[in-house]
Amino acid sequence: MEYVISIIVLILIVLLCNLRVVPQAHEYVTEFLGKYRCTWGAGLHLKVPFFERVAKKITLKEQVLDSPPQPVITKDNVTMQIDTVVYYRIFDAKLYTYGVVNPINALANLTATTLRNLVGELELDGTLTSRDTINGKMTAILDDATDQWGIKVGRVELKNIIPPKEIQMAMEKQMKAERDRRETLLQAEGHKAAAITRAEGEKRAAILAAEGERDACIARAEGEAKAVMLARQAEAEGIRMLREAGADAAVLELKKYEALVRMADGRASKIIVPTDTVNAVKRDVMFSEASGLGDSTAPDLSPDPVVKKHDPCCDE
């Protein structure tokens, strides 16, 4: 009886020792007598004692392969140090286990050779400005090549591109010169814009000044015309009133004389009086005496008589 119990206990211990729990996002590849048997997924599994074994434990999570910097020569013979980062995951545990020896090392070497091939077709400037293109091409090439290894390459990124120090110094000088050129262009454009703005302002000011002077001249001309028109209207109104009052010709003649007196008042003026006016003045004795006009007697302008002196030599 004790022997049976011992056997049962031994069997239980063996069974418990051969129970396996596979975690989530993991797979176990099992072999039976050295031959692939099956792949265990997440959960509880029991392997056959002494005949079956777990050949490889594989995680299905996405993993990162960070390759160290490696020298790469461009098309224009510039040696640069470039390191890459590869994001991958295992989608087939059987292929990953039996497809290639040391799959991670194989992926790293394939990444290095692919990078050298792609960068070797580009020049320095193209390499520095074509990261996205290189990343896309490398992702496509590695993904296609690693399908038979059970590896799915999600993406590849160029982490660092380190050119030689001489190239870095030349690039810094070129960048400084480019920035100086842009600064000069911006200053020139600023001066140009300022000059154009000033010219437009001066032009606008000149136009406004000319328009103001024109309006002022028009206003002055209109004022003078209106003043002349009012004076003529006043004069016409005065004449009309005189006529309505029954003024005779003598009164009108007096008005003419008053106008002549005002015209000659305080000015060095020469006034030419018509003959009919002089005749009228002669008829008006009172006005002639008051103003001194109409005196037609010409002053004696003949030279003084020559007094002949006695010449004792000639007069006998």
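A residue counts as buried under 20% relative accessible area, as exposed over 50%, and as partly exposed in between. The legends below use these words for a predicted model.

Figure 1. The predicted model shows a chain with nine helices and nine strands. Of its 316 residues, 19% count as buried. The chain exposes about 23200 Å², and carbon and sulfur atoms supply 59% of that area. Among contacts with a separation of 6 or more, residues 24 or more positions apart account for 59%.

**Figure 2. The aromatic pair of Tyr36 and Tyr98.** The relation between two aromatic rings is given by the distance of the centres and the angle of the planes. The chain has two aromatic pairs, and one of them is formed by Tyr36 and Tyr98. Tyr36 belongs to strand β3 (residues 35-40) and Tyr98 to helix α2, so the pair ties together parts that lie 62 residues apart in sequence. Tyr36 has a relative accessibility of 27% and therefore counts as partly exposed. Tyr98 is also partly exposed, at 39%.

**Figure 3. The largest nonpolar core.** This core has 27 residues, and those with the most contacts inside it are Ile82, Leu115 and Met138. At least two core residues come from each of β8 (79-90), α2 (93-98), α3 (103-119), α5 (131-145) and β9 (151-162).

**Figure 4. Surroundings of Met138 and Thr111.** Which residues does Met138 contact, leaving aside its neighbours within four places in sequence? They are Thr111, Thr114, Leu115, Leu118, Val156 and Leu158. Thr111 lies in helix α3. With a relative accessible area of 0%, Thr111 is buried. Leaving aside neighbours within four places in sequence, the contacts of Thr111 are Thr84, Val86, Met138 and Leu142.

**Figure 5. A nonpolar patch on the surface.** The patch is formed by Tyr3, Val4, Ile7, Ile8, Ile11, Leu12, Leu15, Leu16, Leu19, Val21, Leu44 and Leu46. Together these residues have about 1200 Å² of accessible area. Three elements, α1 (2-17), β1 (19-22) and β4 (43-46), each supply at least two residues of the patch. Helix α1 gives the most, with eight residues.

**Figure 6. Ile8 within the surface patch.** Ile8 is one of the residues that form the nonpolar patch, and its place is in helix α1. Is Ile8 buried, exposed or partly exposed? At 47% relative accessibility, Ile8 counts as partly exposed, because the class of exposed residues begins over 50%.

**Figure 7. Leu33, a loop residue with a positive phi.** Most residues other than glycine have a negative phi. Leu33 is not a glycine, yet has a positive phi of about 55 degrees. Leu33 lies in the loop between β2 (26-32) and β3. Its relative accessibility is 61%, so Leu33 counts as exposed.

Figure 8. Where does Asn77 lie? Asn77 is found in the loop between β7 (70-73) and β8. Although Asn77 is not a glycine, its phi is positive, at about 60 degrees. Asn77 counts as exposed, with a relative accessibility of 66%.

Terms used:
Residues numbered from 1 in each chain as written. Predicted model: local features only at pLDDT ≥ 70, side-chain atom pairs only at ≥ 80, totals over all residues. Heavy atoms only, no water. Patch = residues over 30% accessible without salt bridge, like charges linked within 9 Å, V, L, I, M, F, W, Y side chains within 5 Å. Areas by Shrake-Rupley, 256 points an atom, 1.4 Å probe, with all protein chains shown as cover. Salt bridge = Lys/Arg side-chain N within 4 Å of Asp/Glu carboxyl O. Helix = DSSP H or I, 4+ residues; strand = E, 2+ residues; numbered from the N terminus. Buried < 20%, exposed > 50% of the residue type's maximum accessible area, 1.4 Å probe, protein only. Core = buried A, V, L, I, M, F, W, Y, C linked by side-chain atoms within 4.5 Å. Contact = heavy atoms within 4.5 Å. Phe/Tyr/Trp six-rings, centres within 6.5 Å; stacked < 30°, edge-to-face > 60°.
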